[in-house]
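User: Hi, could you walk me through how the strands and helices are arranged in this one?
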Amino acid sequence: MAQFFQAKKKTLTQESLTLAITGMDHQGRGVAKHHNKVCFVNGALPGETVKVKLTEDKARYSAANTIKVISASESREKPFCEHYQQCGGCQLQHLRLDQQLVEKQVAVSQLFTKFAKLDGMNWQVPLLSAPTHYRRSARLAVMYDKTAKKMRVGYRAQGSKQIVSVKQCEVLSDVYRDIFSVFDTVLNQNGELRSVSHIQLCQADKHNFVVLRHTKNISEALKNTIVELGLMHKWRVIFQGESQHIEHSHLPMPFYHLPELDLKFEFGLDNFIQVNAQVNQAMLLQAVKWLDLKGTEQVLDLFCGIGNFSLAIANYAKSVIGVEGVSSAVAIAAQNAQTNQITNAQFHCFDLTQAMQQAPWFSKDLDILVLDPSRTGAMAILEQLPLKQFKTILYVSCDPVTLARDSAIITQAAFSLEKIGLMNMFPHTGHIETMALFQRR
């Protein structure tokens, strides 16, 4: 019988270590050196000396959790959430808000130096929102705890599948302030509801939706009871069974309005929308301002979703072609164009991770490129597009690593990075949203 070598797992030291934190990475972790390799430390800030325990010890790096702050940064402050030390939702409540932005900007700059070989970037003023109660959508974790013999409602713990029971969430919209206590009670009073696996929240402009995902049948009588309970809290409760589609045609269509752009966007509850309404509007206004359109431009908007950027830009350009891989989003984008009486925007469904070859939506006349990809970035399509035909590229990113990587492709195609700015879509978290404007040299 063949013998296969299996490397033994390295035993982590149970002793605490004292480390000096020299920086912060793009995920909000402190950075230190331990045994001549980098160590990423949760809960530590630049300039601090901390006592830690290792959670990982790999060949090229290690990771640790802070167990005691020996020498604190002047920017350290007390977290405002009682669940902060257990919950995995926020990572930076221990860092003063203004310094969060400083550290995020430094982290992005370092990634651009590493991947795109760019330094001295033209940073713009960050886009901000209210620091709390900014989330209009969220997904709550639900699970039956066999040990405690009860259903738990909350968020996942940091780096774990365990659920932290939450009383209130200070970054979630205030309309859902009682959501945890209400469903903690409801789920634990009814054995039928043990099959609920998560709860999706989405605040639209006139209605607040609550979607209960369940894997087994729930009686109509119990459903009606929960719907009525939801209405008492001004929530529209929807039940989602095995189907991946959230059926809500019996309810008013969710929408959000952008008053400064005079646009209305309808969306399905299974469509992506930006969670921070205030930053979303500021982001679209900035995109229009940075592009400085004269009405003659033909714009290609890739990863267009429900038309968020496409329709904001269409009022200032000659034409816009939006491309998106999710068919339901494409249908709603076209519907949103009609709703807003926009006739110079077309939408196409196309998987932008695949070979484009003779894509029906592509034209040699397109001269502005807008990108708003998921965390995986836009490398697959950037490597196929004839980039040099565009005079301007606007890249909106939710992951600084893929942004820096993709920016190398763009700058190698004879573009200069003209402007870059943070959009603080997720205050108190390690998430970094960035907008970058490139001009052809």
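Analyst: What follows is a short talk through a sheet, the helices beside it and a hairpin.
Analyst: This is a predicted model, in which local features need pLDDT of at least 70, side-chain atom pairs count only at pLDDT 80 or more, and totals for chains, interfaces and linings use all residues. Residues are numbered from 1 along each chain as its sequence is written, and side-chain values use heavy atoms, with hydrogens and water left out.

User: OK, in what order do the six strands of the open sheet come?
Analyst: The order is β9-β8-β7-β10-β11-β12, with mixed pairing; strands (E, at least two residues) and helices (H or I, at least four) are DSSP runs numbered from the N terminus, and two strands pair if DSSP finds at least two bridges between them.

User: And which are the edge strands?
Analyst: They are β9 (163-165) and β12 (235-240), each of which pairs on one side only. Strand β8 (residues 150-156) is joined to β9 in the antiparallel sense over three bridges, and Gly154 has Ser165 in β9 as its bridge partner.

User: Which strands does helix α3 lie across?
Analyst: Helix α3 (residues 220-232) lies across β11 and β12, at about 150° to β12, where axes are lines fitted to C-alpha atoms, for helices over the stretch in contact (heavy atoms within 4.5 Å), and angles run from 0 to 180 degrees between N-to-C directions.

User: Switching topic, how many residues sit between the strands in the hairpin of β3 and β4?
Analyst: There are two, and His35 in that hairpin takes a positive phi near 55°. Strands β3 (residues 30-34) and β4 (residues 37-42) run antiparallel, joined by five bridges.
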